[in-house]
Structure formats: structure tokens, C-alpha cells
Amino acid sequence: MNPEAHRLQRIQAERALILNNVYDAIALLDADQRLVLFNEKLVKMWGLDRDWLAQNPTLTAMVERLVGDRHWTPEQRDAVLATCTPDQRQDRVVDIHQRNQTYVELSSTPTSDGGQLLILRDVTESRRYQTQLADEVRRLSFLLGLTERLQSSEDLEEVGRFALGYLVEAMGAAFGDVKVISGQGNNRRAGALTNLISGQFIATHGQPVVDEMEAVLNQGIDYGQGLLWQVVETGQPLFVEDYASHPQAVPGFRHPAIGQLGIFPIPSADGSIIGVVTLESRRLQKLQEAPQQDMLLAACRTLGAAIERAQSQTRLHQINQDLERASRLKSEFLASMSHELRTPLNSILGFSELVLRKADELGDRQVSHIRAIRQSGQHLLDLINDILDLSKVEAGRADLDLQTVSIPHLCRQCLQMIQPRADRKRLALALELDYGLDQVTLDERRVRQMVINLLSNAVKFTPEKGRVKLAVRVAYGNELAQDYRPDASPINPSTPYLCLQVSDTGIGIAPDKLPLLFRPFQQIDSSLNRRHDGTGLGLVLTKRMAELHGGTVSLQSSLDQGSTFRVWLPLNELRQGVAYTGAGDPTPAAPTVPFQQHRDRADRVRVLVVEDHPYNQTLITEAMELEGFEVELISDGQTMLHTIQSELITAATLPDVVLMDIQLPGVDGLALMRALRSHPLWQTVPIIAVTAMAMAGDRDRGLAAGADDYISKPLDFEDLGRRVRTLLKKTDPAGADTTP
């Protein structure tokens, strides 16, 4: 071999060594696009015969052979030939996904002699990593989206649609659905929450097939029908290869078009199955082998949480509706019972008062009996009022009527009211005041009731010749630490409180009995032969009213030594941030059009009483006549309505005042008052609404209907007489001095 041939051979060997050690496959084409140089990587990548490649085939011949070997698709061949053209003047790149699941990046660079250098790089691992990364990003985005919807959305169907949409796409399913289990035992049913059917499935198998499937889903699948109940019972997923031929298949889904069916359980927090996810797969890969199993399980768990939350909200909504209904029925019952109880009480107290006015005609024994009747009736009335007050507070319908009140005056009034009861037991009453306290903004009526309740209890449970003391001072929250409190509300140690304290030397309370004190209708001595009467509502009301003011109650007690009860009302809350209403004039404003009397001023005042209850008719008539008024009676609403509309009534025959019962047969008192106010002749006649209704809002409804004043039964006839005279004075000031 001559030296020149040897040199060329050595150069070729070195060049082949270099080319074969290059990581990428290389193919060099001449100007005619024939292969003039290649390396071993090209042979391995394409699987072409080395000797054939050495025969310098064209690029077209090479890619045609790749298509013929089913290594490339015709589309990939066309893309490469369109990129690697003889007139190429710049670098170009083509991505090829080969049939053997490898990815190749083909770059073409023009050479100086008009040829091309093809470099083929295997990017399979890189693409696989990118695909895995993209899948992971999709999975994380799905989990994040699912979690966000679970936290923010109250729409269970929205959560189901989002989860199902991801699962159908990720698992390559033609259709899928989410079903929720409802009912109990053999009465359970699986109802579709949401379903998704691909457009390709619809186009391939037709809309009638899809409609039949959706009809089955909309109807729901009863217990025992289909394979899903096996999943519900076992809690394990189920995979069916030929669903159409399965003996337990649901008839509406028995279509040969259905591929592999997978049914996956949706678990609740306690492990019971409350739903299922159904997917139909069209891939060669089985559902149980799909890499998205973790996402499928996560979606099922999240759907379980969403279904449980939705069911809890449904139950809570139903409970709230039931509670509202119970509260409404309770209010209606209390209103009805208030009327039914107050009506006979009105007769008992009223007739007792009338008889006692003629006490000089009775014997001492008879007077004593009448007073006992009145006292018992008043006691029963107090119990009714306590029950109604408690129901108002607990129902949240009690509002504070805040006023600026003199504390010393209020305390002395309370002691004066309790003094007769204390005298009967020869108890010493004492008052201890912080004279730095004078004017405080609070609800005077409720605070008075709280103090009276505590003083009444102290008098009731203190033996004869004992002591009861009312003390009022400014105290701070840190003093509450040493007392027993029935609630656990937070206390600010630096908050100033108005402390109303009642101490006694009574029977005291055992420590184990303290929790019973503030429960409705509970008494420490609950035996049949207990020595102390009452319903056990006084302390409950006191606690609720203190809380209504933003305060609390506390106590200290020693058995057989006495007790100290305290009401704590925060002065900061009472003085600031709470709008208050002044005491005002309890008498309503006068009508805008004054009533002109058309008869002799010497005539007696005529009072028209609209009342259906016979006892009350007699009672009110006698009471009004004793006050010097002339009384006329109408016993039902329909008769009163005819009277209003009668053409026989003139200005001269109008009554001076109408006492209107609210609850009347036929037409109620509210409708009659509205009729009076809309009638040109009657609209100036003053109206006093008289009713046994004593629930929250009754007074406002009466005044809104047209009443000038409102009074509830049992009636205080002296107060009723004063109210009649006040209205007459306002409607006709000039003649007021002639009224009885």
C-alpha cells in the first residue's frame, strides 16, 4: 500500500472513530441529497441496514423505508422532506415521535457545497421527564383546584364536575359519572350528581344511546340493581371487561360500545361508602394499571368530604327550619295561652277588686276570702308574666329600653315594694348605697325586675327575724373570681360594673345544688311537700336580663348561713355605644283631627266596649260605671263593622271612647281599628286596644292599626279610667274638667 493510500485509510478510520463516538446520530447529504457519511448511532436509531446505507441512498429513499418499516408515519415523512429541501439556507429542526415510543429531534444544517448535515438527537428521556413534570403539574393543579372548591364552594355539583372532568381526561374515559347514595338499608338509591360523555362517544354511537344512558342516571339506581352496590358493600373498586354481557348490568347501559368499566367507591370520614365514581376506559391500558390511581383515590376522598359537607348542610338547614317552626309554634302557643289564661284572670282580679270596693258591706271573713282570691290570682298572673318574659328573652325578641335612671330612687322603690312581705316575717330590710352613684343608663323596668326577683327570693328563703340587705356599688371584674357563676362568659378584670347585691341570712345553698339554680322550672327543694312555692323562673330571668345588658350574675352561699346574689352590669357598655330612649310620655299622641262634641257637656262620657267574653263585658261595664262613665256594649266584630258602616250613626251619637278587644269572632279588633281610622265620621274617636295578648310586638301592631293607647289584661281599672280621661282631655281640652 502506497503512503498516500495508507494516509487516506488512516484519516477515514480516525473520522469513523470520531463519528461513532459522537452521542448523536449523524447523516451527511451531498447536493443531490444522497447520503455520503453516517455513523453507527444512525444505524441503531433507525434500524436500517449498514450496507444499504453505504450505497449512498437519497434522503427520500431513507424516509420511505422508515415509513415502510412502520417506524415513521407518512405525516412525519412529509414533515422531514418539507424541512430538508435542497434550497435550504438556514438551520431547521423537526420533532419526531417514533413508533417505538422514542422521541427524536432532527436538526438540518446546510453545508458549503450545497448539501446538508442531519443531526438526530434522542430526546426520549428529556421528553419523558417533561411529560412526567407536566403530568405532575396537572395533578397538583387538580388537587389544588379540588381543595379550593371544597373550601370555598357550597355547590356539591360544581365540585363533582371539576373532579369528573379531570378523571375522564386523565384516565382516557369515553364517559363517567358521580353517583351519591341516599336513603337507608334496602331503601337506598344511587342518584347521579353529575355525568360527562365525550363528543366522540356521542358521534360514534348516536344520541339515542346517550339519551337512554342519561335517563337511567336521572332516574337513579335502586338498591340491588347493577354492580355498584357490590362496591358500596365491600368498599373495593370493581372492574368489568364486558359490561354488556354481565348478568347484573343495568339494562340502560348494556351496549356493546362500552369498553372496560371501572366503579370506584367514595368513602366518608368513618369509612362508609356514600357514593361511587364510574369510568369507562378506551385505552389498551387497564384502569387498574393506570398511573393516575393516586389522583383517582384523592378525588374520591375529596368528593366524600364534599358530599358529607353538603349532607350536613342539608341536615343543618332542615334542623334550622324545624327549630324556626318549633319557635313559631312555641310563640303561637304562648300567645294563645296568654290570652286564654289572662281572660279568666281578668275576671277573677276585676270582680275581686269590685267586691273589695264594697268591703264595708261584707264580713271580715268574706273580705279575707276575697283578698285571698285576689292574691292567688295576682300570683298566677306573676307566674304567667315570668313565663312570657323568659320566652321573649330566650327567643331573642326582648330589646332594651335604655333610660337614664336614678339608682337610689330605683332601690328605694324596690324595697318599698318588698317591705310588706318582709314585715309579715319580721325581717330587717337594709339598704347600702354608694352615694357616688346617681344617674346610670339602663333598662329601668328590667333592672327593677331583677332586684325584685332577688329580694323576693331572699325574703322567701330567710327564716323569721332574719336580715335582708340590698347593696349597690361600683365594682370591677377582678372581684368576680371569688364568686360562683352559672356561665363561663369572659370577664375583663378592669371593666367597671354596676353591682347590685342582695344578701340574706337564709337557709343557704349546698355546693352541689348551685348548678340547679339557673335552670328553668328547677327548684332545689323539688319534693312534693316542699315548703316554698314558685316555679323556679325568677333567677333564670334575672340571669337572662343581666346578659341582655351585657352582664352576668354570681353568688356566694353557705348552707344554713345565708346567700349573696350579685347582678353585674357593665357601666362601659351601658354608658357608651348603646342608643337609649328617654322615659317619654306613656300616653300616645293625640289624634291629628280633634273630636268635636255635639251634645250637651253635662252628658256623661259614653264608652263603647267591643268585647266578646261575657264575664269581661260585665266586669268592664261595672268598672266603667263606677268611674262615672256610660257604657254601651258590642259583642262581636261583625256587629261592630256594621255599626261603623251604618248610616244611622251621626256625629252626635258617636261614643267618646272605644275600648276595642283585639281577639274577636268574625272580624278581629285590628281590622276594626283600621276600618275606624279610614271612616270619615269615626276616625276622630279615640281607641284603646284592650287584649290578653302580651307577646313581643302586640303593642306595636295595635298602635299601627290605629289605637291611641294599648292596655293588656288583667285590667287595672284605676289605670284604665286615667287613660280614658287623658284621651278625652287631649281630644277636647276645653271640656276636660267636666268628665267624671
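Two strands count as paired if DSSP finds at least two bridges between them, and strands themselves are DSSP runs (E, at least two residues), just as helices are runs of H or I with at least four, both numbered from the N terminus. With that in hand, look at the open sheet of 5 strands: its order is β13-β15-β16-β18-β17, and the pairing is mixed. This is a predicted model, in which local features need pLDDT of at least 70, side-chain atom pairs count only at pLDDT 80 or more, and totals for chains, interfaces and linings use all residues. Residues are numbered from 1 along each chain as its sequence is written, and side-chain values use heavy atoms, with hydrogens and water left out.

Back to the sheet. Its edges are β13 (428-433) and β17 (552-558), each pairing on one side only. From one strand to the next, the twist averages 15 degrees; axes here are lines fitted to C-alpha atoms (for helices, over the stretch in contact), and angles run from 0 to 180 degrees between N-to-C directions. Strands of a sheet pair through backbone hydrogen bonds, either parallel or antiparallel. In this sheet, β17 and β18 (residues 562-570) run antiparallel and are joined by 7 bridges, with T552 standing opposite W568 in β18.

Now for the helices. Helix α13 (residues 407-424) packs on the sheet and touches β13, β15 (467-476) and β16 (496-504), contact meaning heavy atoms within 4.5 Å. The direction of α13 makes about 175 degrees with that of β13. Helix α14 (residues 444-460) lies across β15, β16 and β18, at about 25 degrees to β16.

Buried means under 20% relative accessible area, exposed means over 50%, and partly exposed is in between (1.4 Å probe, protein chains only). Leaving aside neighbours within four places in sequence, L455 contacts C414, L415, I418, V468, L470 and V502.

V451 is worth a click too: it lies in helix α14 and counts as buried because its relative accessible area is 2%. Not counting residues up to four places away in sequence, V451 touches C414, L470 and L500. The C-alpha atoms of V451 and L410 are 9.4 Å apart, although 41 residues separate the two along the chain.

Finally, the aromatic rings. A search of the whole structure finds 4 aromatic pairs. Rings of Phe, Tyr and Trp (its six-membered ring) pair if their centres lie within 6.5 Å; planes under 30 degrees apart count as stacked, over 60 as edge-to-face and the rest as tilted. Y223 and W229 make an edge-to-face pair, 5.2 Å centre to centre with 65 degrees between the planes. Y223 is partly exposed because its relative accessibility is 30%, while W229 is buried at 4%. Y497 and W568 are edge-to-face as well, with 5.8 Å between centres and 90 degrees between planes. That pair links distant parts of the chain, joining Y497 in strand β16 to W568 in strand β18, 71 residues apart. Y497 counts as buried at 5% relative accessibility, and W568 is buried with a relative accessible area of 1%.
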